[in-house]
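These are my notebook entries on one structure.

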Amino acid sequence: MSAPGRLPDVTFRLRAKRRIEARHPWVFADDVARAEGAAHGDLVRVRGNAGEVLGVAFWSARSKIALRMIALDDVLPDAAFWAARVDAAFTARGPDVGGWPARRLLFGEGDGVPGLIADLYGSHLVVQILTAGTERIFDQVVARIRERVPLDSVLARNDPSVRALEGLPREVRQLSGTTPDEIVVLEDGVLYAADPWRGQKTGAFLDQRENRVACRAFARGRVLDAFAYHASFALHAAREAAEVVVCDSSPDALSRGRVNAERNGATNLTFVAANAFEDLRERERRGERFDLILLDPPAFAKSRGDVAAARRGYKEINLRALRLLSPGGVLMTSSCSYNLDESAFEEVLRDAAADARRDVHVVARRGQAADHPVRLTFPEGRYLKCFVLREAAEAV
Ligand code: SAH
């Protein structure tokens, strides 16, 4: 690593300076004035127009996000620097990290390690290295994690499409040890198997962990879990409810859901391989009713251009779900589209309630689990929204 004096300098326009001073970690390529000598993935020193040092960042010559700020002072991000970031992430998560069944240890910008995700499944670490800059410092980060917790294996799930924006290959690679095909996780009394090699994200949706546990408080009678993946919400609900209908379009996810149900000795789940849009419509036509409905679709708004269509999609499923609620029933509905913020999602839900002609109370506004920390000055980090709505048995 070069000395601080030898980091390449990148200079930015005023607009970007304000953004950096507002403690937002991204600067877009349009705001770059000069980037001489900086190569893709380099650590760079960031300067304002007058030459003043604004901080240190990862430089991307390819992505629209040209700069990911690492520090707002003139430091050298060396091994000790990254070790301190890892330590801070451990501290924020409390003393019991080593005993975790499955949790997120590093959440990119939220933990001051831009472009890096690290999930701990027992003694197995599954990572996603999303930028060229992060590739260079990754070994230093993992070295520190190893000093803090025993690791039997490290798997890189470097297959997300954002890697292509950075000119990086999409691949899944064993970095050390042997990561098993499945890792059984105990989640507050419920067992499920994560699939680190082929499952979504790093093998499970850790971001919904707290919401899955919370859904138990609302589960009774008949429950519908739509967009269920491997029945993660359903398994929690099944402990309290008489019957849980589990719907997903992926037969593979459902067959793992069936095995999960057996694992828990749960016999009150029924599995339906279907498009949830059609399934909800069909159940409405048949006049079915549910006491709890869980909606957790994939991100409908993957980019800004998708937002209008995404709103229509969210409205449709929420409208139908509201119509399927029994009096006093609860809808727990999520959106993981980061291009649709909480107020926009709430507006969609309001429209859905109006069209469904239902009065509902907002019981809770929830989000991603606490191990996916959100910086106040980086609202983009809060991508998962989850509303708990209760149908008002008496219309006003
Ligand atoms: N609730 C799950 C995560 C759900 S992820 C958990 O907490 O683990 C979204 C799921 O929606 C995926 O399993 C995907 O297969 C499914 N899916 C995507 N489009 C769908 C559709 N049109 N109908 C039903 N399921 C769909």
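**Entry 1: the ligand site.** I began with Ser232, where a polar side-chain atom lies 2.7 Å from an oxygen atom of the ligand. I took a polar contact to be a pair of N or O atoms within 3.5 Å; within protein, one must be able to donate a hydrogen and the other to accept it, and residues adjacent in sequence count only if both atoms are side-chain atoms. A backbone N or O atom of Ala276 lies 2.8 Å from a nitrogen atom of the ligand, and for Ser249 a backbone N or O atom lies 3.1 Å from a nitrogen atom of the ligand. On its own the ligand has 590 Å² of accessible area, and the protein covers 89% of that. Accessible areas come from the Shrake-Rupley method with a 1.4 Å probe; for residues, only the protein chains shown count as cover.

I noted that the model is predicted: local features need pLDDT of at least 70, side-chain atom pairs count only at pLDDT 80 or more, and totals for chains, interfaces and linings use all residues. Residues are numbered from 1 along each chain as its sequence is written, and side-chain values use heavy atoms, with hydrogens and water left out.

Entry 2: I found one cavity of 30 Å³ or more. The largest cavity holds about 40 Å³ of space, and its lining includes Phe58, Trp59, Arg68 and Glu166. The elements that give two or more residues to this lining are β5 (53-59) and β6 (65-71). Strands (E, at least two residues) and helices (H or I, at least four) are DSSP runs, numbered from the N terminus.

The second largest pocket has a volume of about 260 Å³. Of its 14 lining residues, Met69, Ile70, Ala71, Leu72 and Arg375 are the closest to its centre. β6 gives the most to this lining, with three residues.

For both terms I used a 1 Å grid over the protein atoms alone: a cavity is a set of points where a 1.4 Å probe fits but cannot get out, a pocket is an open set with protein on both sides within 12 Å along at least five of seven lines, and lining residues have an atom within 4 Å of a point. Points are joined across faces, edges and corners, and a volume is the space filled by probe spheres set on them.

**Entry 3: single residues.** Is Asp371 buried or exposed? Asp371 is buried, because its relative accessible area is 4%, and buried means under 20%, exposed over 50%, partly exposed in between (1.4 Å probe, protein chains only). A polar atom of the Asp371 side chain lies 3.3 Å from the backbone nitrogen of Arg104.

Most residues other than glycine have a negative phi. I therefore looked up Tyr229, which has a phi near 55° and is buried at 9%.
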